[in-house]
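Reader: I have this model open beside me and would like to go through it with you. Could you start with how the helices pack?

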Amino acid sequence: MSLSENKILEIFEKTGALFNGHFLLTSGRHSNVYFQCAKVLQYPEYIEDLCSIIADEFCDQKIDTVISPAIGGLVVGQEVARQLNTRFIFAEREDNKLTLRRGFSLNEGEKVLVCEDVVTTGGSVFEVIDIVRNNNAELAGVGFIVDRSNGKVDFGSKQLSTVKLDVNSYLPEDCPLCNKGIELVKPGSRKIKTS
Ligand SMILES: [Zn+2]
């Protein structure tokens with residue numbers, strides 16, 4: 001089963017992951033979209049459907065290992081690995097640097113797929129790609145659920161997102177939503193209901 005982008009956006013809205021409106025971001029900027037991927041990843045059935053798009057794309061590449069940056073990428077990488085019947089490991093931050101811990105390692109020459117939930121600047125994914133290269137493993141590509149980079153991110157290998165979210169953010173003084181007089185909502189406040 002492959003979901004269309006519209007169907008995916010519908011699932012995001014239904015699960016309270018995605019809101020359209022006028023939001024105050026933690027950076028102080030204002031945005032037309034608020035997105036919290038964990039809200040959709042609460043539901044294993046949706047994780048299975050979303051990750052099947054990634055697994056289908058890479059299923060003929062003989063992936064040996066899926067690797068994700070903690071924490072956001074964990075359930076995505078785990079599910080893609082389950083569907084591809086591969087090993088799954090993750091990198092986590094130690095002294096602010098993503099590292100393989102817990103006895104995890106990558107073997108020279110094995111084919112590795114990097115998975116993540118949301119990519120904005122791609123910083124964590126680039127760090128994981130460095131881990132793959134530093135272990136002389138082969139990067140097969142990058143699969144992620146949501147591309148919020150507005151088409152800017154390029155990992156220099158095969159990459160697939162299940163959906164692209166166009167997110168505009170503005171300095172408060174330049175915000176067109178403020179100009180229209182739309183009420184500003186702080187995510188996490190009771191104004192956002194997820195019924
Ligand atoms: Zn505004």
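Author: Helix 3 and helix 4 (residues 74-84) pack with their axes 9 Å apart and at an angle of about 60°, where axes are lines fitted to C-alpha atoms over the stretch in contact and angles run from 0 to 180 degrees between N-to-C directions. That angle makes helix 3 oblique to helix 4, since angles under 35 degrees count as roughly parallel, over 145 as roughly antiparallel, 65 to 115 as roughly perpendicular and the rest as oblique. Helices here are DSSP runs (H or I, at least four residues), as are strands (E, at least two), numbered from the N terminus.

Reader: Before we go on, what should I know about the model and its numbering?

Author: This is a predicted model, in which local features need pLDDT of at least 70 and side-chain atom pairs count only at pLDDT 80 or more, while totals for chains, interfaces and linings use all residues. Residues are numbered from 1 along each chain as its sequence is written, and side-chain values use heavy atoms, with hydrogens and water left out.

Reader: Back to that pair, which residues of helix 3 and helix 4 meet?

Author: From helix 3 come Ile 47, Glu 48, Cys 51, Ser 52, Ile 54, Ala 55 and Phe 58, and they meet Val 75, Val 76, Glu 79, Val 80, Arg 82, Gln 83 and Leu 84 of helix 4, contact meaning heavy atoms within 4.5 Å.

Reader: And how does helix 1 sit against helix 3?

Author: The axes of helix 1 (residues 5-14) and helix 3 (residues 44-58) cross at roughly 150° and come within 12 Å. That makes helix 1 roughly antiparallel to helix 3. Ile 8, Ile 11, Phe 12 and Lys 14 of helix 1 make the contact with Tyr 46, Leu 50 and Ile 53 of helix 3.

Reader: Changing topic, what holds the zinc ion?

Author: Its protein donors are His 22 (NE2), His 30 (ND1), Cys 175 (SG) and Cys 178 (SG), lying 2.1 to 2.4 Å from the zinc ion; donors are N, O and S atoms within 2.8 Å of the metal (3.2 Å for Na, K and Ca), and sites may look incomplete as water is not among the atoms. His 30 in strand 2 (residues 30-35) and Cys 178 in helix 6 (residues 176-179) are 148 residues apart, so this pair links distant parts of the chain.
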